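I opened the notebook to record what I looked up and in what order. The entries follow.

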Amino acid sequence: MTVERTEARRFPVGLLLVAAPVLLVAVFVLLPAIAAIVSTLRPDAAGWSFSAYARFFGDRLSTGNLLFTLVSTLVTSSALLLLCLPIALYLRFSSGRLPTFVQSVAVFPLFVPGIIVGYALIRFMGPNGTIQTVLHAIGINGFRSPYLTPVGTVIGLVWEGIPLTLLILLSGLAQVPDAAIEAARDVGAGGLRILTGIILPLIRNSLTVAFSLSFLGVFGAFTMPYLLGPASPEMMGVFMQRTFSELQDPLQAQTQAVMCFLFCAVVGVIYVRSVARSRRKSA
Amino acid sequence: MINRRQFLATSAALAAATALPVSRAFAATKLDIFTDSDANISDWLSNIVKPAFEAAHPEYEVNVVIARNGGLDQVAQRALAALNAKADPQIDFAEQYDPNLPKGGIEAGLWVRFDDKLVPNFAHVNKAAIQSPYSMPYRGSQVLLAYDSAKVPADSVPKTWDALVAWIKANPGQFIYNRPDKGGSGKNFVVRAIHEANDRDPALFTASNFTKEEGDKRLTPAWALLNDLAPSLYEKGSYAAGNTAALQMLSNGVVSMVPIWSDMVLQGLDQGVVPETIKLVQLQDLALAGGFSASVVPTIAAHKDGALAFADFLLTEPMQTSVLNDLGGFPGVDWSVLPTALREKYAAVIPASIPTYPEGDWSTALNDGWYRNVAPNITRG
């Protein structure tokens with residue numbers, strides 16, 4: 001009896017607590033998103049039609065940009081995992097001053113605004129920049145700057161993405177019990193075996209979360225592709241902005257946004273499922 | 001020991017005393033000068049023009065009003081409403097505004113029609129800069145070619161489009177222009193190609209004559225010209241992401257020549273950001289495009305005489321010299337009325353003409369067409 005009453009009383013309080021953020025999301029995110037989707041399906045007063053999407057898929061420039069964005073995003077997200085996993089493993093299994101230093105360096109990009117990184121990278125890896133000067137000094141010529149190429153964008157996005165990916169992997173690795181690793185070592189398992197047999201399966205969730213979050217962040221990226229990338233193909237963020245403000249074609253810009261949203265939604269589902277799985281496990 | 005009341009009284013008296021010299025012996029008429037231009041312009045108005053004008057005309061006091069982000073549109077609307085209601089528009093002068101706005105304003109007699117009787121110095125205004133008699137051009141900016149004189153010998157500096165094309169092809173990788181939507185430097189280079197493909201006649205493009213067919217007919221040959229250049233550009237067809245990015249590549253010695261806004265490079269040279277070896281040249285067969293900022297005065301301005309005196313003052317030699325030296329802009333008056341020394345200093349950039357290209361549909365078609373037809377044409381190995 002008492003239990004029931006407490007629950008009944010707690011219920012509205014909990015709802016009230018989440019009501020404000022939910023309302024905010026509904027009014028400022030969901031409603032405009034739905035309105036945008038509806039308007040792409042009703043390009044004029046005549047009624048429902050897929051003409052905006054037909055135009056998008058009939059246009060080689062648009063589909064090319066979408067494909068390019070997808071490839072760039074997959075490459076960037078994979079590069080982030082490959083780069084951050086060794087760092088995370090090192091930080092997890094060593095102690096002392098050096099790892100602390102490494103960690104603070106790795107998290108540093110979190111505190112630097114993207115536009116500044118963009119310009120710094122132009123000076124660093126751009127033509128006649130630091131890299132080229134150093135290479136030239138030690139006798140290596142023929143360096144071709146990645147500035148204004150797709151590789152330039154990927155480098156910039158990886159630089160920006162390191163802190164988040166690293167922190168997620170670290171939190172996953174923190175849950176790997178030392179005992180399990182020691183036990184494996186006692187029966188003679190080598191480093192690689194421990195990694196593939198014990199650590200990776202245990203942090204599978206963190207890997208998924210890290211991958212999907214960086215995917216979502218990179219897919220709609222604007223600053224890095226704008227500053228470092230090529231004029232063509234463009235990533236969707238830059239393309240949408242140009243369609244909207246330079247070509248003054250809000251309908252196509254919205255259609256492009258909905259296409260981005262669809263791709264991100266798929267990854268979003270993967271993310272939500274993996275979060276739900278880990279919550280179930282810990283519950 | 002001084003008590004609080006004494007302290008307050010003394011400081012109030014002191015404050016009043018220091019304020020005294022500022023207020024004039026007679027009450028000066030306050031002119032409301034509006035601007036929606038960037039901070040460099042409003043600073044220039046407040047710090048250079050205002051003191052100079054007030055010294056020359058002690059009967060007036062200049063009040064610089066900054067109305068950025070569309071504020072001036074609303075002020076102009078209000079002025080039109082005031083015209084109909086026979087009220088004070090509360091604006092005497094707009095530093096830069098399109099007299100074709102608001103719609104119907106000119107027909108209703110909203111803006112002063114300039115001539116040299118109202119504004120004596122108007123006679124000196126560069127004829128090429130006058131787009132409408134209802135506005136007074138007083139400063140301009142134009143895209144020109146900036147090159148590194150350490151790498152480009154004086155006798156090989158191109159002075160015509162054909163010579164430029166030949167130079168770019170003879171020096172592969174040494175030229176870059178920025179994407180047309182990311183800055184006027186690159187856009188006006190593309191405009192120059194469009195003019196080249198259309199008998200070098202900027203008059204073919206007006207704000208109202210765009211149609212899809214006309215656009216295809218006029219722009220397609222320009223894409224061919226630009227695609228022909230692409231393999232000889234920096235990295236065989238890379239395009240900088242903005243005016244500054246292109247200028248930086250020139251300053252760093254990555255490329256030897258770029259198209260760039262005159263005011264950007266002149267200011268950069270002045271501040272030492274751009275190395276002194278960078279020199280400027282304008283094409284003489286048809287110049288790269290540019291534009292002028294022109295001022296308007298409402299016919300019903302409460303202090304119209306003061307506003308016209310201010311307009312006249314902007315066109316005087318000291319102010320026009322200041323446009324060049326302090327703003328890095330182009331004078332609105334004819335170069336011939338400026339001091340010889342100044343004219344010689346900028347001899348290479350004085351254009352034979354100042355072509356323009358309309359905003360709106362033509363610009364949209366330029367942006368879209370360039371991204372579809374020129375940008376993808378990369379032969380990167």
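**Entry 1: the largest pocket**

I began with where its lining comes from, and found that β7(B) gives the largest share of the lining of the largest pocket, five residues. I kept in mind that this is a predicted model.

Next I looked up the volume: the largest pocket holds about 1,700 Å³ of space. The elements of chain B that give two or more residues to its lining are α2 (39-56), β4 (136-148), α6 (184-197) and β7 (290-295).

I then noted that 45 residues line the largest pocket. Those nearest its centre are Gln96(B), Gly291(B), Phe292(B), Ser293(B) and Glu359(B).

What classes do the residues of this lining divide into? I wrote down 18 nonpolar, 19 polar and eight charged.

**Entry 2: the two domains of chain B**

I checked the domain assignment of chain B, which gives domain 1 as 25-139 + 292-341 and domain 2 as 141-291 + 353-373. The lining of the largest pocket draws at least three residues from each of these two domains.

How far apart do the C-alpha centres of domain 1 and domain 2 of chain B lie? I have 31 Å for that distance. Eleven residues from domain 1 of chain B and eleven residues from domain 2 of chain B make up the contact.

For the area, I recorded that the two domains of chain B bury about 840 Å² between them. Carbon and sulfur atoms carry 58% of that area. On the domain 1 side, Phe292(B), Gly328(B) and Phe330(B) lose the most area to domain 2 of chain B, and together they make up 56% of what that side buries. Phe292(B) had already come up in Entry 1, among the residues nearest the centre of the largest pocket.

I also looked for salt bridges between domain 1 and domain 2 of chain B, and the count is zero.

**Entry 3: where the chains meet**

I turned to the interface of chain B and chain A. In it, 27 residues of chain B are in contact with 23 residues of chain A. The two chains bury about 2,200 Å² between them, 51% of it on carbon and sulfur atoms.

Which three residues supply more of the area that chain B buries against chain A than any other three? I found Arg179(B), Tyr371(B) and Arg372(B), which supply 22% of that area.

I counted two salt bridges across the interface of chain B and chain A. I also noted a salt bridge between the side chains of Arg372(B) and Asp59(A), at 2.6 Å from N to O.

**Entry 4: the cavity**

I searched the whole structure for cavities of 30 Å³ or more and got one. The largest cavity holds about 30 Å³ of space. Among the residues that line it are Phe68(A), Thr153(A), Pro225(A), Pro233(A) and Val238(A). By class, this lining has six nonpolar, two polar and one charged residues.

I followed up Pro233(A), which lies in the loop between α11 (223-228) and α12 (236-246) of chain A. A cis peptide bond joins Ser232(A) to Pro233(A), with omega at about -5 degrees.

**Entry 5: a backbone angle**

I placed Gln90(B) in the loop between α3 (71-85) and β3 (93-94) of chain B.

Conventions. Residues numbered from 1 in each chain as written. Chains lettered and ligands numbered in written order. Predicted model: local features only at pLDDT ≥ 70, side-chain atom pairs only at ≥ 80, totals over all residues. Heavy atoms only, no water. 1 Å grid on protein atoms, 1.4 Å probe; cavity = no way out; pocket = protein on both sides within 12 Å on 5 of 7 lines; lining within 4 Å. Points joined across faces, edges and corners; volume = space filled by probe spheres on them. Helix = DSSP H or I, 4+ residues; strand = E, 2+ residues; numbered from the N terminus. Nonpolar A, V, L, I, M, F, W, Y, C, P; charged D, E, K, R; others polar. Domains from an automatic or database assignment. Contact = heavy atoms within 4.5 Å. Buried area = accessible area lost by both parts, 1.4 Å probe. Salt bridge = Lys/Arg side-chain N within 4 Å of Asp/Glu carboxyl O.
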